[in-house]
Amino acid sequence: MHSRKSTKPTLVSPRTQAMIDTCHSPNNLSSKQCGSSLVQTINAPLPLVWSLIRRFECPQGYKQFVKKCTMLAGDGGIGSVREVMVMSGLPAGVSVERLDKLDDDKHVLKFSMIGGDHLLANYCSTITLHEEEEERHGGRRTVAIESYVVDIPAGSSGEDTCSFANTIIACNLRSLAKITEEMFCNKAT
């Protein structure tokens with residue numbers, strides 16, 4: 001199962017579709033895996049949005065379900081490992097995650113969950129940012145795309161697994177948009 005979901009009901013531009021095809025299309029999903037891509041348009045400059053995304057050591061800067069993050073290895077660069085403590089009420093308390101790719105030129109971040117008390121085995125996420133012209137207002141906007149692939153837990157379905165992951169990612173992307181748009185507005189005034 002692989003689906004694409006936009007967190008806002010908009011048409012996907014050719015540039016966004018090309019980015020999805022290039023960076024967010026899983027290769028050879030097995031019948032025991034699922035994945036999805038979510039798109040969020042953000043009315044804030046790409047460098048500002050990237051400044052929050054690229055801080056692997058500080059996911060709580062925009063991920064609202066993160067209570068605390070502790071670096072276990074590294075300084076936030078490729079190969080760094082973090083332990084993320086999530087808010088109560090979620091079906092997990094801790095996730096151990098490794099930064100697999102960080103490209104400041106192409107605005108790509110990729111991480112894998114390598115441990116923790118969650119059911120998301122072999123979870124791998126890719127986040128990309130790119131700019132697009134906004135026709136209605138004559139300005140630029142940032143498009144964030146987050147995709148993932150994960151094993152389907154025993155006793156669950158691909159639909160249920162994707163629904164859970166999509167809900168968390170959509171909340172994180174909306175939070176990223178809200179925070180960076182407010183930062184941009186406050187900076188502009």
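These legends describe close-up views of a predicted model. Local features need pLDDT of at least 70 and side-chain atom pairs count only at pLDDT 80 or more, while totals for chains, interfaces and linings use all residues. Residues are numbered from 1 along each chain as its sequence is written, and side-chain values use heavy atoms, without hydrogens and water.

**View 1. The largest pocket holds about 540 Å³ of space.** A pocket is an open set of points on a 1 Å grid over the protein atoms alone, with protein on both sides within 12 Å along at least five of seven lines; lining residues have an atom within 4 Å of a point. A volume is the space filled by probe spheres set on the points, which are joined across faces, edges and corners. Of the 29 lining residues, Val 86, Met 113, Leu 120, Phe 164 and Ile 168 lie nearest the centre. Helix 3 gives the most to this lining, 7 residues; helices (H or I, at least four residues) and strands (E, at least two) are DSSP runs, numbered from the N terminus.

**View 2. The largest cavity holds about 50 Å³ of space.** A cavity is a set of grid points where a 1.4 Å probe fits but cannot get out. The whole structure has 1 cavity of 30 Å³ or more. Its lining includes Ile 53, Arg 55, Phe 111 and Ile 127.

**View 3. Strand 4 pairs with strand 3 and strand 5.** Two strands pair if DSSP finds at least two bridges between them. Strands 3 and 4 are antiparallel over 6 bridges, with Thr 70 opposite Glu 83. Strands 4 and 5, also antiparallel, share 5 bridges, and Val 81 has Arg 98 as its bridge partner.
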